[in-house]
Amino acid sequence: MAEKMTGAEMVIQALTDQGVEHIFGYPGGAALPIYDAMFQQDFVQHILVRHEQGATHMAEGYARSTGKPGVVLVTSGPGATNAVTGLTDALMDSIPMVCITAQVPTTLIGSDAFQECDTVGITRSCTKYNYLVKRVEDLPRVMHEAFLIATTGRPGPVVVDIPKDVQFALGEYYKPDLDTLRHQSYHPQMDGDAAAIEAAVDLMLKAERPIFYTGGGVINAGPQASEHLRELAELTGFPVTSTLMGLGAFPASNPQWMGMLGMHGTYEANLAMHDCDVMINIGARFDDRITGRIDAFSPNSRKIHVDIDPSSINKVVRVDVPIIGDCERVLAEMVRVWRSKTNQPRTEAIAPWWAQIEKWRAVNSLGYKNSDTTIKPQYAIERLYEATKKQGKEVFITTEVGQHQMWAAQHFHFDKPNRWMTSGGLGTMGYGLPAAVGVQVAHPDALVIDIAGEASVQMTMQEISTAVQYRLPIKIFILNNERMGMVRQWQDLLHGSRYAHSYSESLPDFVKLAEAYGGKGIRCENPAELDAAIAEMLDYDGPVLFDVIVEKDENCLPMIPSGKPHNEIILPDTANIGDIIDEKGRQLV
Amino acid sequence: MNAHLQPTGSAYFLTQETQQSERHTLSVLVDNEPGILARVVGLFSARGYNIESLTVSETEHDKRLSRITVVVIATPKTLVQIKLQLERLVPVHKVHDLTAEGAYLERELALIKVNGTGDQRAETLRLADAFRAQIVDATVESFVFEVTGKPSKIDSFITLMQPLGLIEVVRTGLAAISRGPEGM
Ligand SMILES: Cc1ncc(C[n+]2csc(CCOP(=O)(O)OP(=O)(O)O)c2C)c(N)n1
Ligand SMILES: [Mg+2]
């Protein structure tokens, strides 16, 4: 049933038909017709941000915590260029996002008009797909196709660039049926190949030193995928580790959980990856932060790799059993095939493996020396974790990028998927605060905390104002070491402790800053007062900026230095980290 | 003073590439839409793949499909990645590695402008005839030849024309198709 309306109204109608309740945006000349159409309805709620980068990270937080696509609306030119960081972040971390950018009228495109930029050109390499809609007839189809592409297969950001004259033009709105969509070439493969799944289960049935290595793909495949993973882990009795992006898919409280793996992962997870005989990679991509030195990566294992993106397979590491498909479906099949072959976990056969893992565990690689006088960053996160458990609320954690991010991954524990939002692939400082805003919009009654560094948080600080405006009681927990701690750590490791520009100087008074924005500020520097201060933060019904003054020169360990294999991990009791990396390793990032 | 500092360039893979590079011809079926060529070329530059030659033209007007023929030089591992990365682009329907998949034909067309005066005129025409080059333009002092064939044949013809007064050359790039009854 076609209905006549303007392009701007079609945008809102399509959002409504897609069930989009929240959109993060910022107006400007070229976007005004869409804003006008939005003003005249009340299904789609608009959250006014303070910077377009903030809008994109909010959409990411919203998407990752709900499984629904995050939607962004920005104006032409600077509105679009400000969105580029968040689009790239969403592409790297496979986050479904639809970003509508306004464009100058078609008649002015190419004339260097005011606030014109080549948005589709600029965003071509940082989106899964993008469109410039030159005719209003195409707009309904493009809007719906954008949602399809963003949310299916390996999810990612899609940009729809709409010139102002197209927003004003009258046309017929229709809801396209999926078969008439333009891109008949787009068919993500959902079901894994049955023979490959069978082969994988056969390998697992013979494994003596198996390990599940899971990633963000399990989260992206929806909560059912996490359920199947739990079931498969229980059926098999195998140990489970996960990448930074996959935390929460498997409960941290389960005895089979080994903690995160990778550059700052646990000793047991990394050594088990190195020594295993069967590796079952589910929805992870052998990122360099995971593998360390490629030619020494898990040298004696047979590798199974489940991924929805065929180009992820054999990109970095050669695998023995590739399975292209959606993690949820493949895991369900693995459970079914395993059940059809046995009703026993491999408890006995892998008992020596577990014994070995227990020995590694006993090293207590996340241990640290606590202090009575200064707050250790790890301690701060532990106390935060303990306090949040007692809240009786759903808890969502976002982070910025740096040491605090890794400490959060190590010391905050997740039992459910979609509770942990962090910028993994791009490593974007400034992600966490706006992401927390996005999460809180989607979950108004939940406890949403951004675990932050004092440097990162200043990159998108202004979004506190958004939180205040929409009464979003986010908590920003700053581990303030007055350093770009992660940079400082690398300078210790690689550059003879010459601390070039890694101090955070002239820091604002975060307490006053919070108050200036209309939120609450708290500062704590005494370990004895920390619990009370955390309680004060959690009790406050509104945004809080909590400045935790922590130990300045703590290193984030364990660490596998770039260019080293997993079994050369640096443990917390290593005194001098400056001599560990060789010439070649220094060239790595 | 800073001689002991290491260069700060980043390199993700220190492992030496042991595989030999090969020259492959890929045929890529795509939706003919604005920006498609930029998408394909952008993918090659972003991921550091080398393009030797690239030809694109619409081939099925009603279905708005174009065929891109691209010649790349890469290791077998990278070739697989190139194919998979191309297939990941939303408007790409199919990618065939013609070199890997069996017998195929390669043709290229060149227009070649040569000086033609005095004694050399006869020699130029004799060689052109041997290469079955068509004369598509002639003046009292020049010719333009049209040559089609494998790129190697065109290379040889150009080499021969050099001493005779080659002025300029344009080449279309490669068109390639598999032999036998099967289509893409
Ligand atoms: C936008 C951006 N710029 C630069 C970097 C490089 N970088 C990674 S961590 C870091 C320091 C972060 O400092 P802080 O937020 O205080 O966290 P800490 O490591 O001290 O916990 C920097 C500069 C980055 N990841 N993102
Ligand atoms: Mg810091």
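Modeller: Helices are DSSP runs of H or I with at least four residues, and strands are DSSP runs of E with at least two. The model is a predicted one.

Biologist: Over residues 5-121 of chain A, how far apart are the end C-alpha atoms?

Modeller: The UniProt record, an unreviewed entry, places the feature "domain: Thiamine pyrophosphate enzyme N-terminal TPP-binding" at residues 5-121 of chain A. Over that stretch the chain is 44% helix and 19% strand, and the distance between the end C-alpha atoms is 29 Å.

Biologist: What radius of gyration does chain A have, and what would a compact globule have?

Modeller: The C-alpha atoms of chain A, taken along the principal axes, fill a box of roughly 70 × 60 × 50 Å. For 589 residues a compact globule would come near 25 Å, and chain A agrees with this because its radius of gyration is 24 Å.

Biologist: And what is the radius of gyration of chain B?

Modeller: The C-alpha atoms of chain B fill a box of roughly 65 × 60 × 30 Å along the principal axes. A compact globule of 184 residues would have a radius of gyration near 16 Å, but the value for chain B is 21 Å.

Biologist: What percentage of the residues in chain B is buried?

Modeller: Buried here means under 20% relative accessible area. With that cut-off, buried residues make up 61% of the 589 residues in chain A, while for the 184 residues of chain B the share is 36%.

Definitions and conventions
Residues numbered from 1 in each chain as written. Chains lettered and ligands numbered in written order. Predicted model: local features only at pLDDT ≥ 70, side-chain atom pairs only at ≥ 80, totals over all residues. Heavy atoms only, no water. Rg over C-alpha atoms; globule rule 2.2 N^0.38 Å. Buried < 20%, exposed > 50% of the residue type's maximum accessible area, 1.4 Å probe, protein only. UniProt positions renumbered as here; feature names shortened; annotations may be inferred.
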